[in-house]
Amino acid sequence: MNKHRNRLILLNIAILCILFAAIRPFQSHENYHLISPYLALGFLVIAAHLGGLLAQAFALPALTGNLLAGILLGPSVLNLISLSDISSLELINSLALSFIAITAGGELKLKNLRKHATSIFAITISHFIIVFSTSIALFYYIFTHTALLSITDPTIILSFCIFLGIVAMAKSPAATIAVLNEFRAKGPFTDLVLGVTMLVDVIILVMFAIAMAYVQSIITHTPISLIFLLELIGHLLLSVGAGLMFGYLMILFYKYIGRELTLFIVIASFISHDMAQFAGIEHMLMCMVAGFIVQNFSRQGHRMIEGIENSYLPIYVVFFSLAGASLNFSHLKAFYPAVILFVVVRLILVLIATYLGAYLSKAPPTILKYSWTGFLTNAGLTLSIVIIIENTFPDWGSILMAFVISVIAINQIVGPVLFKLGLDKSGEITRWPNRK
Amino acid sequence: MNSSLVFVLALILAYTGVFFIFKRERLTLLAGFEFLFIGYILYFQDFDASTLKPLLYPFLCWMGMLIGLQMRFSDLKKLPKSLYTTLISFTLLTIIIPTGLFYLIGFSIQSVVMAIACCSICYRNTAHYITNKERHSRFVLFLISAIPFASIIALLLFYIGTDPIRDIGITLVFIVVSSILSRALLTSVQDKNSVILLLIGLILLVSETCAVFDVSALVVGFFVGIYLTNTCIWKTYIFRVVYHNEKQLFMVFLILLGLMAGLKLELLSAARIPAVVLTVLAVRYFILKFNFIAGFNYFYFVAPGGFALVILTDFWLKQGGIPGTLWFSEATLSIVILQLIGVLFSRQVSQ
């Protein structure tokens with residue numbers, strides 16, 4: 001029966017692709033540029049969701065299917081979804097990121113975090129020491145002694161490696177939340193992975209700002225000013241403050257209106273994104289704080305989660321399929337030995353750092369054995385970081401960007417699969433989407 | 001102000017405003033048409049809203065589907081023949097006579113679409129006042145709710161008449177392909193969340209494809225709805241999903257319509273709008289008088305309701321959907337005035 005259903009889904013995807021490919025050439029309509037993204041969105045939603053269902057049939061997370069569908073339909077392979085479609089749908093991406101950040105904050109329950117506070121801090125610190133520092137040292141050595149990169153200036157190689165260290169340490173709250181939501185995972189492993197991912201996300205923001213200042217100072221030979229550090233702290237505090245305010249506004253809505261919870265969470269994500277852009281603050285941090293406040297400082301957390309559970313599926317399908325479509329594999333050809341080396345080294349370092357952190361904090365055996373699987377994916381935040389680097393240092397930033405996009409492409413596919421396996425082994429999955 | 005912000009604003013306004021418009025005690029004077037004026041206000045602001053125009057097509061497809069999903073053949077067979085006879089005679093008369101009169105007023109080909117639009121009756125207003133459960137009352141209300149079916153078929157016949165090759169050939173291919181594809185996709189999933197997601201995707205895909213080929217999204221949506229409700233295992237759930245938040249989504253449609261279509265009036269409009277209103281009032285009076293009005297006040301059947309605007313929009317978009325089209329502004333305002341007269345006088349006569 002399941003085999004028959006899978007064949008039916010595959011057949012539907014194939015027919016849909018043929019029909020869509022047949023429609024595309026007729027788009028010489030005067031409204032082409034207006035209609036195209038919505039048409040592509042409709043096609044992508046269906047095809048990516050079917051891809052997700054197929055992935056579930058093979059015991060993989062739905063987001064892997066969404067990503068693979070995006071890659072297949074995107075400019076790298078079939079080119080049914082064009083680059084202009086992807087950029088037109090950018091707003092949906094931003095909305096999805098805010099939604100994911102609110103969800104991430106909402107999933108962090110203070111009560112559960114307190115139980116694992118020691119492990120969370122220990123693992124975060126060990127990631128900083130082992131993953132970040134070792135990556136920098138190791139890759140600086142490799143790149144200065146081999147011709148894997150087309151860069152020879154040691155200062156630039158050092159700058160390149162500092163940012164690679166940050167990339168190695170970064171996690172993907174989006175992928176983590178998507179897998180947890182899909183399998184409704186609950187337990188110490190889930191709480192710990194969430195806690196570390198969120199904490200690392202905030203630390204990455206600070207580290208990136210400091211790294212930018214440091215790299216600029218070594219390239220231009222000017223010292224880092226105190227004002228810069230104060231500005232950085234002020235910026236983060238402002239984002240947290242905005243998050244607090246936004247969280248309390250959300251509480252007021254849930255308390256006094258409490259209707260249309262699904263629509264509210266989507267609109268709140270959109271407004272928060274626009275607000276943050278307008279005020280120039282970190283919107284992911286702001287949304288995480290807002291979600292955290294609603295969950296832990298009011299009695300309205302269940303309402304927020306209800307809204308999230310009703311609306312997450314379309315948002316994730318669009319977000320991950322667009323993410324897949326925007327992955328460019330052409331760079332992989334140029335750097336594949338260095339990229340594969342980096343992915344493998346990162347995996348080993350994450351495994352060692354997580355094990356060490358968990359061991360030192362006397363975490364339960366499931367955390368000790370499997371929690372590393374939750375820290376492999378990196379996506380949205382990493383991508384935003386390399387875009388800024390490319391804009392600031394265009395000559396070598398473009399090499400870093402191509403390199404990191406290839407790394408993301410591999411980690412996005414491998415990470416969620418391993419994370420799902422880890423959740424399965426630790427026994428924290430409470431819902432199997434494809435089992436009755 | 002950017003277009004996405006306007007869309008979110010429209011959503012917020014629609015979802016909050018709907019509680020004030022459709023209060024149980026009584027309807028507001030325009031029974032929801034107020035949102036069209038919000039759109040008009042936004043139209044006169046200085047920003048490019050053209051990126052929102054493609055969003056009108058999914059709304060039309062959704063409304064067509066909503067009507068089509070109610071046409072289950074097993075239920076239709078059980079209905080009395082008298083209902084079909086009354087429905088056909090009412091539709092034919094309320095289309096043919098006004099078409100001629102609108103043509104005399106000065107409208108060209110649009111007079112047919114305007115007559116089809118003006119043939120519908122606002123179910124919400126009528127049901128608000130006809131509350132008894134007698135057989136005749138139920139018959140009348142059922143008839144009113146069935147008018148949109150006849151209107152869409154009349155619209156399709158009109159499209160076929162004006163451009164036979166395109167509308168028989170392409171529309172037929174669209175209806176067949178969209179229906180089979182929709183059913184195949186929806187039967188391949190096993191959970192309700194997937195059904196919702198696929199419906200969203202299908203409505204976007206089908207309606208925007210209709211936009212590319214200049215095919216009526218309303219008509220295609222209608223036939224896809226009929227096919228799904230008669231063949232798909234998820235039929236009851238699909239109807240619940242499509243019907244859910246119907247009022248709110250319609251309010252969003254009105255805001256977008258006002259924003260996209262805009263308003264243009266000339267000196268000539270001062271004469272044509274009252275003429276259209278008077279024509280509809282007179283024609284409807286005579287038809288209702290000799291048909292099935294017995295026992296109810298005439299004003300209960302004056303308000304044309306939102307579906308009239310849906311029909312007009314479908315044709316306007318097929319003609320290119322140019323903002324500030326004179327005939328469209330006049331037709332829309334005539335319908336708004338008829339709605340106002342209908343709701344206002346229904347309220348007064350019922351007191």
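This is a predicted model: local features need pLDDT of at least 70, side-chain atom pairs count only at pLDDT 80 or more; totals for chains, interfaces and linings use all residues.

**Entry 1: the interface**

I began where the chains meet: 38 residues of chain B are in contact with 38 residues of chain A, contact meaning heavy atoms within 4.5 Å. Residues are numbered from 1 along each chain as its sequence is written, chains are lettered from A and ligands numbered from 1 in the order in which they are written, and side-chain values use heavy atoms, with hydrogens and water left out.

Next I looked up the area buried between chain B and chain A, which is about 3,300 Å², with carbon and sulfur atoms giving 75% of it. Buried area here is the accessible area (1.4 Å probe) that two parts lose on being put together, summed over both.

How many salt bridges are there between chain B and chain A? I found zero, taking a salt bridge as a side-chain nitrogen of Lys or Arg within 4 Å of a carboxyl oxygen of Asp or Glu. There are five residue pairs in polar contact between chain B and chain A, both residues at pLDDT 80 or more. For a polar contact, I need a pair of N or O atoms within 3.5 Å; within protein, one must be able to donate a hydrogen and the other to accept it, and residues adjacent in sequence count only if both atoms are side-chain atoms.

On the chain B side that touches chain A, the elements giving two or more residues are helix 1 (3–21), helix 9 (164–187) and helix 10 (192–213) of chain B. Helix 10 of chain B gives the largest share, 13 residues. Helices are DSSP runs (H or I, at least four residues), numbered from the N terminus. I sorted the residues on this side of chain B into 22 nonpolar, 13 polar and three charged. In that sorting, Ala, Val, Leu, Ile, Met, Phe, Trp, Tyr, Cys and Pro are nonpolar, Asp, Glu, Lys and Arg are charged, and the others, Gly among them, are polar.

I checked the length of helix 11 (residues 226–256) of chain A: its 31 residues should span 45 Å at 1.5 Å a residue, and its end C-alpha atoms are 45 Å apart, which agrees. The expected span is 1.5 Å times one less than the number of residues.

Buried residues in helix 11 of chain A include A:Leu232, A:Phe246, A:Met250 and A:Tyr254; buried means under 20% relative accessible area, exposed over 50%, and partly exposed in between (1.4 Å probe, protein chains only). What do the buried residues of helix 11 of chain A pack against? I listed helix 5 (90–107), helix 10 (188–220), helix 12 (261–279), helix 13 (283–296) and helix 14 (301–325) of chain A. After helix 11 of chain A comes A:Gly258, with a positive phi near 60 degrees.

Helix 9 (residues 173–183) of chain A is mostly covered, eleven of its eleven residues being buried. Among them are A:Asn181 and A:Glu182.

**Entry 2: salt bridges**

My search of the whole structure gave five salt bridges over all chains. One of them joins the side chains of A:Arg24 and A:Asp85 (2.4 Å, N to O). The two are 61 residues apart: A:Arg24 is in the loop between helix 1 (2–23) and helix 2 (32–57) of chain A, and A:Asp85 is in helix 4 (residues 83–88) of chain A. Are they buried or exposed? A:Arg24 counts as buried at 16% relative accessibility, and A:Asp85 counts as buried at 1%.

In chain B, B:Arg124 forms a salt bridge with B:Glu246, with the closest N and O atoms 3.4 Å apart. B:Arg124 lies in helix 7 (residues 123–129) and B:Glu246 in helix 13 (residues 246–261) of chain B, so the pair ties together parts 122 residues apart in sequence. B:Arg124 is partly exposed at 31%, and B:Glu246 is partly exposed at 21%.

B:Glu330 and B:Arg272 also form a salt bridge, at 2.9 Å between the closest N and O atoms. B:Glu330 is buried at 0% relative accessibility, and B:Arg272 is buried at 10%.

**Entry 3: a residue in helix 8 of chain B**

Last, I looked at B:Ser151 in helix 8 (residues 135–162) of chain B. B:Ser151 counts as buried at 1% relative accessibility. Leaving aside neighbours within four places in sequence, B:Ser151 is in contact with B:Ile116, B:Cys119, B:Phe307 and B:Ile311.
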